[in-house]
Amino acid sequence: MRKELDQLNKIFDSRIRIGIMSALIVNESINFNDLKALMDATDGNLASHLKTLEEHAFIRVEKGFVGRKTNTTYSITAEGETAFRSHIQALEKIIKNLH
Amino acid sequence: MYLKALFMTHHKEESLQVLADIKSIMDRSSRVLSLSGWSGIWAGLVALLATGIAYQKLDNGPFIGARVPTAFINELLILAMLTLVVAVAGAFYFSYRKNKKQGQVTFNAAARKMIISMCIPMLAGGWMCGAFLLNEDFAYVVPVMLITYGLTLINSSKYTISDIRWLGLFEVLTGGLAFLKPEWQLYFWAFGFGALHIIYGFIMWNKYDRKGA
């Protein structure tokens, strides 16, 4: 049991960070506003979680424009995908270990 | 020992909850889950009404073979366009209403992808039908409409409730059969766009909407 708990990634301890990763793993890329609507988070809160994930190289940020408005899109990196998948596996192990 | 068990149960429940959240976000971010069953029922009713009008206007019964008077084609075309606009508008309205009730956004990334994935095959099908009409070749307009519509639904099923694939398959099948009996086009049209939509809408309403209401 200890072993499984240790395999959980501390970075994915937050509901919003888990949400961001879940959305990015099934979509090529998502922009800030769509993520915000999906997660029901405030701008500042979401931005700080995105920053953390970016610092760990789990997500890639691309700044672009739609007309004159900035349009920032996010996508998952290979490292991010690997880390998130093993986190999910660890969660599954915890469930399976108990009947 | 008891404490340890309690500790582990707590982790198990938490893990289950997190996994459920992950699945929910994956679904919500990649699929439009809020197409209302009423959208299908509405589209079907509009199609049946349009068929009724067309039926009354055709002198020689429901048979649109190669015998349609050219002057009448324009009227049929306008009727078909109006039907499409009214059916799509209604479908949007009912889904918008459902989304509002559930507090979800109607036009997210998934909805945009779905609309694009629908527009491309529909425009190609429309182009084909337009070419048939320009050549005054009326025999295969309805089968082509049904088949392209069916393929459109199958194509967009990855962006919404996957049940819509079944509706698509039945539309393709109806279109395939319509090729064999071009003189019954109006009947096939009424069945494909009317009856199938109503049946599908009712099944979806029963499966998803009723519980949520």
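# Chat about chain A

Reader: Start with A57(A). Buried or exposed?

Author: A57(A) is exposed, because 12 other C-beta atoms are within 10 Å and the cut-off for exposed is 12 or fewer. Keep in mind that this is a predicted model.

Reader: Where is A57(A) found?

Author: In a loop of chain A. A57(A) sits between α4 and β2 (59–66) there.

Reader: And what about the phi of A57(A)?

Author: It is positive, about 60°, and A57(A) is not a glycine. Most residues other than glycine have a negative phi.

Reader: Which loop holds D40(A)?

Author: The one between α3 and α4 (43–55) of chain A. D40(A) also has a positive phi of about 60°, again without being a glycine. D40(A) counts as exposed, because it has 10 C-beta neighbours inside 10 Å.

Reader: Switch to the fold. How many helices and strands are in chain A?

Author: Chain A has five helices and three strands. From the N terminus on, their order is α-α-β-α-α-β-β-α.

Reader: In what order do the strands sit in the sheet?

Author: The order is β1-β3-β2 in chain A. The sheet is open, and the pairing is antiparallel. β1 (30–31) and β2 of chain A are the edge strands, each pairing on one side only.

Reader: How many bridges join β1(A) and β3 of chain A?

Author: Two. β1(A) and β3 (residues 69–76) run in the antiparallel sense. In that pair, I30(A) stands opposite Y74(A) of β3(A).

Reader: Which helix packs on the sheet?

Author: α2(A) does. It touches β1, β2 and β3 of chain A. The direction of α2(A) makes about 85° with that of β3(A).

Reader: Last topic, chain A overall. What box do its C-alpha atoms fill?

Author: Roughly 55 × 25 × 20 Å, taken along the principal axes. Of the 99 residues, 29% count as buried.

Reader: What share of the contacts joins residues at least 24 apart?

Author: 55%, among contacts in chain A between residues at least 6 apart in sequence.

Conventions. Residues are numbered from 1 along each chain as its sequence is written. Chains are lettered from A and ligands numbered from 1 in the order in which they are written. This is a predicted model: local features need pLDDT of at least 70, side-chain atom pairs count only at pLDDT 80 or more; totals for chains, interfaces and linings use all residues. Helices (H or I, at least four residues) and strands (E, at least two) are DSSP runs, numbered from the N terminus. A residue is buried if 20 or more other C-beta atoms lie within 10 Å of its own, exposed if 12 or fewer, and partly exposed in between; C-beta atoms are placed from the backbone. Two residues are in contact if their C-beta atoms, placed from the backbone, lie within 7 Å. Two strands pair if DSSP finds at least two bridges between them. Axes are lines fitted to C-alpha atoms, for helices over the stretch in contact, and angles run from 0 to 180 degrees between N-to-C directions.
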